Amino acid sequence: MSDNGAELVQVQPDRFLHNWRKVASGDKYPRYELIAKDFLGELESFQRFVEGENLGGPFRINQCEIVYVNVIGDPASAPSDWVGHSDPGAIVAALRLPVNESLGPPEDVTLMIRHMIPGNVGRPAGRLTMEFEPTFVGDENRETYRLQLTARGEPIGEGIDGAMRFLELGHRVIVKGFTQITTPKMHKMWRRLQ
């Protein structure tokens, strides 16, 4: 774990993970390129360790995953006129729902969308999964939404280089997917340029 607790490397029998999380309110997201560089160094070090100790045969990566988790709805990440769980359309363009006059607005909304990530020779490179669900944060149980985008697939080539190529592709697909699913109103509030 890093000194400030924001970054964590996890090693499991079938996984090697590098996580970043916002710990303090002033923490800034370090951007993909920095996290990817750190991950690459850690993964190369881990491979040398596994091969040097002769643990369980050759070091082989069979699946890659990159995940972005966005908590939307706290004062720093939602429009000032957002009313909470009953207003998902303020965040996700596809959820601008008509109000049923006899029922009123929905209490909350959960959404999951999956896309194939195009690959070479007619074979998909993986999948992008977007999950949008209501959550509560803080002692006051403030209404928020969690928008999680996950790109998962096989390495694009052999070894660590192939894994890093998939992670780069997954990052690009997630950024585009996030931009497409969220509303222009949110982009303006977040000062999003892409």
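**Exercise 1. In this predicted model, find how many bridges join E5 and E6, and what sits in the turn of their hairpin.**

Step 1. Look at the pairing: E5 and E6 run antiparallel, with twelve bridges between them.

Step 2. Pick one pair to check by eye. Valine 137 has arginine 142, in E6, as its bridge partner.

**Exercise 2. Work out the strand order of the open sheet and name its edge strands.**

Step 1. Strands of a sheet pair through backbone hydrogen bonds, in a parallel or an antiparallel way.

Step 2. Start from E6 and turn to E3: nine bridges join this antiparallel pair. Within it, glutamate 65 stands opposite arginine 152 of E6.

Step 3. Go to E5 (residues 126-137), which pairs with E4 over seven bridges, again in the antiparallel sense. Here methionine 112 has glutamate 131 of E5 as its bridge partner.

Step 4. The edges are E3 (64-72) and E4 (111-117), each pairing on one side only. On average, neighbouring strands of this sheet are turned by 15° against each other, direction ignored.

**Exercise 3. Is threonine 144 buried or exposed, and which side chain does its own side chain contact?**

Step 1. Locate the residue: threonine 144 belongs to strand E6 (residues 142-153).

Step 2. Consider the strand as a whole. Nine of the twelve residues of E6 are buried, so the rest of the structure largely encloses this strand.

Step 3. Apply the cut-off: buried means under 20% relative accessible area. Threonine 144 has 0% relative accessibility and therefore counts as buried.

Step 4. Its side chain makes a polar contact of 2.5 Å with the side chain of threonine 135.

**Exercise 4. Explain why the buried residues of H1 line one face of the helix.**

Step 1. Find H1 at residues 32-53; its 22 residues reach 31 Å from first C-alpha to last, close to the expected 32 Å.

Step 2. List its buried residues: Tyr32, Ile35, Ala36, Phe39, Leu43 and Val50. Seen down the axis of H1, they fall within an arc of 90°, so they line one face.

Step 3. Check what covers them: the cover includes strands E1 (7-12), E2 (15-20) and E3, along with helix H2 (159-181).

Step 4. Turn to the face pointing away from the buried side, which carries the exposed residues Glu33, Lys37, Arg48 and Gly52.

Terms used. Residues numbered from 1 in each chain as written. Predicted model: local features only at pLDDT ≥ 70, side-chain atom pairs only at ≥ 80, totals over all residues. Heavy atoms only, no water. Pairing = 2+ DSSP bridges. Helix = DSSP H or I, 4+ residues; strand = E, 2+ residues; numbered from the N terminus. Axes fitted to C-alpha atoms, helices over the stretch in contact; angles between N-to-C directions. Buried < 20%, exposed > 50% of the residue type's maximum accessible area, 1.4 Å probe, protein only. Polar contact = N/O pair within 3.5 Å; in protein donor to acceptor, adjacent residues only side chain to side chain. Expected span 1.5 Å × (residues − 1). Arc of directions from axis to C-beta. Contact = heavy atoms within 4.5 Å.
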